[in-house]
Amino acid sequence: MGPLIRNFFIALRQIFVGGRSYYLWVGFLSFFVLLGLSAYVDQLNRGLITTAMRDQVSWGLYISNFTFLVGVAAAAVLLVVPAYLYNFKPIKEIVLFGELLAITAISMCVLFIMIDMGQPMRVWHILPFIGAMHFPASLLAWDVVVLNGYLAINTIIAFYVLYRLSIGREYSMAVIGPLIILSIPWAVSIHTVTAFLYNGLSARPFWNASILAPRFLASAFCSGPAIMLILFQIIRKKSDVEIDNRAIFKIAELIAYAMGINLFLLGAEVFKEFYSGSIHSYPMTYLYFGLHGKSSLVPWMWAATIMNITAFFLFLFPKTRENFTTLNIGCLFIIMGVYIEKGMGLIVPGFVPDTLGEIYEYSPTNAEIIITIGIWAAGALLYTFLLKFAIPIYTGKLRFETKDSRGIKPQPT
Amino acid sequence: MKKFTRTKEGIQLDRRNFLKGAALGLAGAALPLNKADASFWEAFFQKHFQEMNEDEIRDVIKRLEREYGEKYKKAIKVGNEKAMPGVLFGYGLDLSRCIGCRRCEYACVEENNQSKDPQIHWITVLRFKKGEKWIDLEESEKYYNPELVPEPDYFYMPIQCQQCENPPCVKACPTQATWKEPDGIVVIDYNWCIGCRYCMAACPYGARHFNWTEPKRAPEEINPATHYLGNRPRYKGVVEKCTFCIQRTRNGRYPACVEACPVGARKFGNLLDPESEIRYAIEHKRVFRLKEDLNTYPKFYYFFAYGV
């Protein structure tokens, strides 16, 4: 264990090694982290009144970001399935970066939950044994279990693979295979449970629809991989990591299918709400057309819909998904489209109109936006550090000697 | 060990130690560690209300009374009256009488120590236009403000916590900070609530309210007769709600809203007592409960004593 820990710290030191542009990048992110932190200190002192949330709309930008990021984290599994189960080589080589993204996304989820709490010091009340976790009745308790479990699974897989690589070994499927198999339903579970969190509330007709969880999964399998496609291109440009174009195009193809399903489910939802036209269609009317003259989300929702449809076609045709210009436009459209749709477009209409019929138009305050940017910067910083830590091991630049790696006879060729 | 030589690593170690010191300093500044703040740690480690024994509850109440006393410069009693056996509280509201004067709403604020800035009201009175649809609440007006009530073309419907027998908020709470007492009142432990507001999303009646900032109320406006699970002063970042005036009703009194109503539209009593006024109303009037389709089984009955 001793050398393992020592080697860990040697690898960790890599995060301080970098050129001018690296330090500029880290400095840039740190600036926004500190800005967000200062806004958060003010929120801690004055309370959540610094946000635009009120009793009518009691969740806002923070929970929207949380929801979106659960999807990003769940999408790591999209890489795991072909990589480990079907042994699709080009993706297998890069699945590690997907898992690191999952770790980052879950960490950001935890941060978004923490800053949304009125009494963050009391967070231990939600833990089992030392607190009073309301399991299995409360879906929020389920979410705590599945999110932390997912974080643990991905951390173990990623760091075990890195450890084996660092001593020049293939990882053993006997050790990690069961965990990988487990991670697949688990990834589905984090997004399903998060969907059920909203879905289970009969007070909110907009969420209380069976289509919610399937749509969650479909959109997550668009946004998460779209982020990864952008990251892969940056990683292979900025480091020695080689990422096969075939992997990128394969993921783009999978995105097209996921977006197709997502759009179909949206259509099913739109039909049900507007054709039957009961009072439960008000939230969706508010989203796409406005209600009683209140329409702040309308332009965003139409923008999201147009971006998602455009991206679907860009990814559907091999010609456009294998052209990096159109591929990247498609990725950006999906990230923005799903961010709107599975963020504010999902959370706010749950509360509009509120349970007593009031329409309170929520629009986040500067403080909320600054804190949100701060957490995104913290996430980017964490992912940067994780990559700094992992890439030298991954490319073989950093290797450690172990007792049994010394004096091994070279294999005859 | 070359730890302290002036190698590159040595300098890094120094920097690391510096960072460690800085972090400790920050933590020290943020967390109160001296004796005067001992009650901070007592509050921090306070157990769940239902898991404390009588002695522990007594100690907690003593601490709370001391804290409130220091804050408001007056003696505040924090009661802990238990539910009476054989009692299940129920509420009746006669919509044919209600004139929409909001007396109940403000009597509630006076009694229950809600924040006055920003204002928190546990009762919401909705106004509906006669002849329009109303049960979906979509056409209601919460901020009506005429010269005089009642207005001829409108009728009114006060809504507060419905004290559901099957409360969605209790099911939702991830920390069991809210629960249903044996006498049917849904209560919150303000010292256990983490302020996640999941209960507010779960409540179909808009009955739960959040302290978005430190509740403000002048000391002379504080009602000193309080209950731990009821109207004791709340904190920033916790949820609060109507408790049928638990501090009054467990001592045999009416809720403040019942007493304040100038037209006698509000009825209150023990659902288990066949002789009670509330039972009479349920058995002899046409009662309904709000959003019955959600199967929350409110113990809050709306009825029409005579034609509108």
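This note goes through a predicted model, chain by chain and helix by helix.

1. Conventions. Residues are numbered from 1 along each chain as its sequence is written, and chains are lettered from A and ligands numbered from 1 in the order in which they are written. In this predicted model, local features need pLDDT of at least 70 and side-chain atom pairs count only at pLDDT 80 or more, while totals for chains, interfaces and linings use all residues.

2. Chain B overall. Chain B has 9 helices and 12 strands. Both are DSSP runs, numbered from the N terminus: helices are H or I with at least four residues, strands E with at least two. Of its 308 residues, 41% count as buried. Buried means that 20 or more other C-beta atoms lie within 10 Å of the residue's own; exposed means 12 or fewer, and partly exposed is in between, with C-beta atoms placed from the backbone. Among contacts in chain B with a separation of 6 or more, 65% come from residues 24 or more positions apart. A contact needs C-beta atoms, placed from the backbone, within 7 Å.

3. Helix α3 of chain B. This helix covers residues 54-72. Its 19 residues should span 27 Å at 1.5 Å a residue, and its end C-alpha atoms are 26 Å apart, which agrees. The expected span is 1.5 Å times one less than the number of residues. B:V60, B:L64 and B:Y68 are buried. The buried residues pack against β1 (77-79) of chain B. On the other side, B:D55, B:R58, B:K62, B:R66 and B:E70 are exposed. Just after α3(B), B:K73 takes a positive phi of about 55°.

4. Helix α3 of chain A. Here 14 residues, 61-74, should span 20 Å, and the end C-alpha atoms are 20 Å apart, which agrees. α3(A) is mostly covered: 14 of its 14 residues are buried.

5. Between the chains. 37 residues of chain A are in contact with 41 residues of chain B. The chain A side divides into 18 nonpolar, 12 polar and 7 charged residues. Ala, Val, Leu, Ile, Met, Phe, Trp, Tyr, Cys and Pro count as nonpolar; Asp, Glu, Lys and Arg as charged; the others, Gly among them, as polar.

Methods. Contact = placed C-beta atoms within 7 Å.
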